[in-house]
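Biologist: I have a model open and want to go through its packing. Can you take me through it, terms included?

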Amino acid sequence: MYRIDFNKLRFLVCDDNPHMRRILRTLLHSFGAREVNEAEDGATALEMYTHFSPDIVITDWAMPIFDGLELAQMIRQPEAKGNPYAPIIMLTGHSEKRRVTVARDAGVTEFLAKPISAKGLYQRILNVVANPRPFIKTKTYFGPDRRRNTNTAYIGPERRVGGEAEIYQQPSLLDKARSAV
């Protein structure tokens with residue numbers, strides 16, 4: 001048995017609303033996190049991402065300069081500075097299926113609708129740490145496998161398109177964040 005030791009993880013919180021950043025920082029500190037950096041827009045977040053190398057990015061969708069979706073796309077560029085495998089948790093007040101699909105296709109790892117709860121945030125973080133999805137690279141996509149249930153023998157109408165897919169095992173945060181009980 002093990003538990004996640006949040007004080008071993010580095011977080012980057014990006015939201016243009018200072019009250020939301022404070023709520024997220026307070027929740028992360030209550031989980032045990034010590035390193036929580038904050039950015040008020042996508043440009044600042046990208047700069048902090050390249051210098052700070054966070055383990056997990058939590059970003060709002062709608063922000064000035066460039067939004068969370070554009071931030072996710074820039075992080076997921078394999079040739080960009082920083083770790084393109086870092087889990088990205090997208091926050092938004094708009095959780096229509098179309099938006100969830102667009103975020104997923106931009107390389108977002110988890111999606112959390114506002115208003116957030118401590119339990120919802122904790123579950124998303126636990127999921128990206130304990131159950132990392134492999135990364136997929138095709139001609140048109142690089143990011144976490146968009147499928148949660150992968151069956152390699154699947155031949156139905158929703159099988160992967162876009163040619164051959166390279167599969168990369170995501171570096172696990174579990175070893176870094178594991179704490180003996």
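Modeller: Buried means under 20% relative accessible area, exposed over 50%, and partly exposed in between, with a 1.4 Å probe and protein chains only. This is a predicted model, where local features need pLDDT of at least 70, side-chain atom pairs count only at pLDDT 80 or more, and totals for chains, interfaces and linings use all residues. Residues are numbered from 1 along each chain as its sequence is written, and side-chain values use heavy atoms, with hydrogens and water left out.

Biologist: Is F31 buried or exposed?

Modeller: F31 is buried, at a relative accessible area of 19%. Y122 is partly exposed, at 30%.

Biologist: How are the rings of F31 and Y122 arranged?

Modeller: Their centres are 5.1 Å apart and their planes at 75°, so the pair is edge-to-face. Rings of Phe, Tyr and Trp (its six-membered ring) pair if their centres lie within 6.5 Å; planes under 30 degrees apart count as stacked, over 60 as edge-to-face and the rest as tilted. Helices (H or I, at least four residues) and strands (E, at least two) are DSSP runs, numbered from the N terminus.

Biologist: Which residues share an aromatic cluster with F31 and Y122?

Modeller: F6 and F11.

Biologist: And the largest nonpolar core, how many residues?

Modeller: That core has 25 residues, and F11, L28 and I56 are among those with the most contacts inside it. Such a core is a set of buried Ala, Val, Leu, Ile, Met, Phe, Trp, Tyr and Cys residues joined through side-chain atoms within 4.5 Å.

Biologist: Which element gives the most to this core?

Modeller: α1, with 5 residues.

Biologist: What is I56 in contact with?

Modeller: Leaving aside neighbours within four places in sequence, the partners of I56 include F11, I89, I125 and L173. Contact means heavy atoms within 4.5 Å.

Biologist: New topic. Which residues of α3 are buried?

Modeller: In α3 (residues 68–75) the buried ones are G68, L69, L71, A72 and I75. They cover an arc of only 160° around the axis, which puts them on the same side of α3. The arc is that of the directions from the helix axis to the C-beta atoms.

Biologist: What do they pack against?

Modeller: β2, α2 (42–52), β4, β5 and α4 (97–105).
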